[in-house]
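This report describes selected local features of one protein chain.

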Amino acid sequence: MKQLMLGNAAAARGLFEAGCEFISSYPGTPSTEITEEAAKFKEIYCEWAPNEKVAMESAFGACLAGRRAFCGMKHVGLNVAADPLFTMSYTGVNAGLVIGVADDPGMHSSQNEQDSRHHAIASKIPMLEPSDADEAREFVKIAFEISEKFDTPVLYKMCTRVAHSQSITDTKDRQLPEHKSYEKNISKYVMAPANAIRRHPFVEQRMKDIEKWSETSGINKIEKADSKVGIITSSTSYQYVKEVLGDSVNILKLGMVNPLPANMIKDFASGLEKLIVVEELDPIFETFVRSLGLKCEIHGKDMFPICGEFSQNLLAAAFGQKVPEGTKLDTEIPVRPPIMCAGCPHRGMFYALNKLKVTVFGDIGCYTLGSVAPLSAMDVTLCMGASFSGLHGWNKAGGAENEKKSVAVIGDSTFMHSGMTGLASIAYNQSNSTVIVLDNSITGMTGHQQNPTTGKNLYGEPAGRVDLEALARAMGIKRVRVVDPYIISDCEKAVKEELEAQEPSLIISRRPCALLKEVKHKPPLKVDENKCKSCKACMKIGCPAIAMKNGKAKIDVTLCVGCKVCSQMCKFGALKEQA
């Protein structure tokens, strides 16, 4: 049945049609909706794992049990899961195993712009890359077939534009394959050196076999034209090429982006005068093409940028076509910088940290916005879980001078992802570090997914809940305290006292995310203009519900949740509860 589908929803549909029975993922934009959509099929068990490494290892276990399995993550999550990924290349699989990874060219919601094709090449695992929703659905099924045919995990690469755009897809019925029985095989699955060294030649031969298969499988397609110019491309770049150049050039559209089909590329280039490689981010196709010793003129990154997303206009300009100017608005639209929501529970703590002028090691989450003015309360953000570890090194190297004026912050979900090991290092190696868990009872940045601290699973059902206070004490942290971030004075007091302590300490800043459905808000505040002195002290917390209008503070009642953090800033009592 033909229907309009989001790319990620189509990928989930492909998992259903392919007979996938187990999914373990960690939420990360732009990959999150694949698992959320798959969870709507009762035939597929789905879960959120604490991190991507655990998700991949769980999916591996499920495939060994004879069920087709999938795990999903974003590109930086694949870094976390790289350890099992590289070794699973050696072990192979039992039932099919597909690993979804979504890249984010343009860094719409990511801390870097890495190209996941490097992971496929380095781990020697095949990678498929769809260019629209219907391919997103169909390629999942092909990936499972490849996995079982060649005894390999398969990487399935999405990107932001394919994941979050819609196109027509032709859905099919679910086909549940026969379950594969597990057979004990120590030489295959126990990767001790003596076994692993014998698996390496298998991996090398497997990649040759997959390349040969890809030459004739139809996963890579040639579109002929009456032209001496050829384009090699994939994914969204293919869509842009078609929109800009239509059928005026020969096109080799790559659906399998690792291994690359050397003979097919040579045949495609035969008789061409010019070959142009159109690919986002790194010149992986281009480097490979140049290594083949082709006689035609080759272009790639000399025409296209290595940074950022491509677009139709970018390609049009590169091919010397006139780029439409578009229509300009008569009115300038003010810039809307990213900022924490009205009522965000992190705001009070960040204000306290800014006021105390401490160095703050930050982490990955919506609280990263604590770095934005006017709070500007974050100095470093590296990767998931790095805040606690970074502070430990900072304090060990800098000693007392650093210990008394530095903290680390991390969200509850990110703490479970990879912050626990940093806390363990602080406790074990005894750095005098003060760390803060910003517990908003949800995984906020990626759209309110559950995590091991919330007491609910992916389906919202009751689940095991990690007690953060008990966990910290069990790890060796003796000083553990909880504060309400809506009370700024308590936050400030807690930070001051823990920085003065002569041992490691943990502060839990606990209040649920203001956007959670179950959170009941108080009436919005109002401004007593007679008491407002236009001092703008209330503006220092950066709440989007507060503005200055005609020289007086103004509350947007459609945004204000009555948290009263701003009222604690006002010395004149101008911000009050509604009568």
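## Backbone geometry and side-chain packing

Met107 lies in the loop between strand S5 (97-103) and helix H6 (117-123). In this predicted model, Met107 has a positive phi of about 50 degrees although it is not a glycine. With a relative accessibility of 38%, Met107 counts as partly exposed, because that class covers values between 20% and 50%.

Ser235 also has a positive phi, near 50 degrees, and is a residue other than glycine. Ser235 belongs to helix H11 (residues 235-245). Its relative accessibility is 4%, so Ser235 counts as buried.

The peptide bond from Thr29 to Pro30 is cis, with omega near 15 degrees. Pro30 is located in the loop between S2 and H2. Ser31 lies in the loop between strand S2 (22-25) and helix H2 (32-38), and Ser31 is buried, with a relative accessible area of 5%. Apart from neighbours within four places in sequence, Ser31 contacts Asn8, Tyr26, Gly72, Met73, Lys74 and Ala102.

A cis peptide bond also joins Ala373 and Pro374, with omega about 10 degrees. Pro374 is found in the loop between strand S15 (359-361) and H16.

**An exposed loop residue**

Gln175 is placed in the loop between strand S8 (166-170) and helix H9 (186-189). The relative accessible area of Gln175 is 55%, so this residue is exposed. Residues up to four places away in sequence aside, Gln175 touches Glu17, Ala18 and Gly19. Between Gln175 and Asn195 there are 20 residues of separation in sequence and 35 Å in space, C-alpha to C-alpha.

**Helix packing**

Two packed helices are described by the angle between their axes and the distance between the axes. Two such pairs are tabulated here.

| Helix pair | Axes come within | Crossing angle |
|---|---|---|
| H16 (residues 386-398) and H18 (residues 412-429) | 8 Å | roughly 25 degrees |
| H5 (residues 82-91) and H10 (residues 193-216) | 7 Å | roughly 85 degrees |

The axes of H16 and H18 cross at roughly 25 degrees, and therefore H16 is roughly parallel to H18. From H16, the contact draws on Phe388, Ser389, His392 and Lys396; from H18, on Phe415, Gly419, Gly422, Leu423, Ser425, Ile426 and Asn429. By class, this contact of H16 with H18 has 4 nonpolar, 6 polar and 1 charged residues.

For H5 and H10, the axes cross at roughly 85 degrees, and H5 is therefore roughly perpendicular to H10. Ser89, Tyr90 and Thr91 of H5 meet Ala196, Arg199, His200, Phe202, Val203 and Arg206 of H10. The residues of the contact of H5 with H10 comprise 4 nonpolar, 3 polar and 2 charged.

**Aromatic rings and charges**

The structure holds 8 aromatic pairs. In one of them, the ring centres of Phe304 and Phe310 are 5.8 Å apart and the planes are at 35 degrees, so the pair is tilted. Phe304 is buried at a relative accessible area of 2%, and Phe310 is buried at 3%. Ring pairs link Phe304 and Phe310 with Phe319 into a cluster.

Charged side chains also sit over rings. The charged end of Arg199 lies over the ring of Phe202, 4.2 Å from its centre; both Arg199 and Phe202 take part in the contact of H10 with H5. The charged end of Arg117 sits over the ring of Phe285, 4.6 Å from the ring centre.

Key: Residues are numbered from 1 along each chain as its sequence is written. This is a predicted model: local features need pLDDT of at least 70, side-chain atom pairs count only at pLDDT 80 or more; totals for chains, interfaces and linings use all residues. Side-chain values use heavy atoms; hydrogens and water are left out. Axes are lines fitted to C-alpha atoms, for helices over the stretch in contact, and angles run from 0 to 180 degrees between N-to-C directions. Helices (H or I, at least four residues) and strands (E, at least two) are DSSP runs, numbered from the N terminus. Angles under 35 degrees count as roughly parallel, over 145 as roughly antiparallel, 65 to 115 as roughly perpendicular and the rest as oblique. Contact means heavy atoms within 4.5 Å. Ala, Val, Leu, Ile, Met, Phe, Trp, Tyr, Cys and Pro count as nonpolar, Asp, Glu, Lys and Arg as charged, and the others, Gly among them, as polar. Rings of Phe, Tyr and Trp (its six-membered ring) pair if their centres lie within 6.5 Å; planes under 30 degrees apart count as stacked, over 60 as edge-to-face and the rest as tilted. Buried means under 20% relative accessible area, exposed over 50%, partly exposed in between (1.4 Å probe, protein chains only). A charge sits over a ring if NZ of Lys or CZ of Arg is within 6 Å of the ring centre and within 35 degrees of the ring normal.
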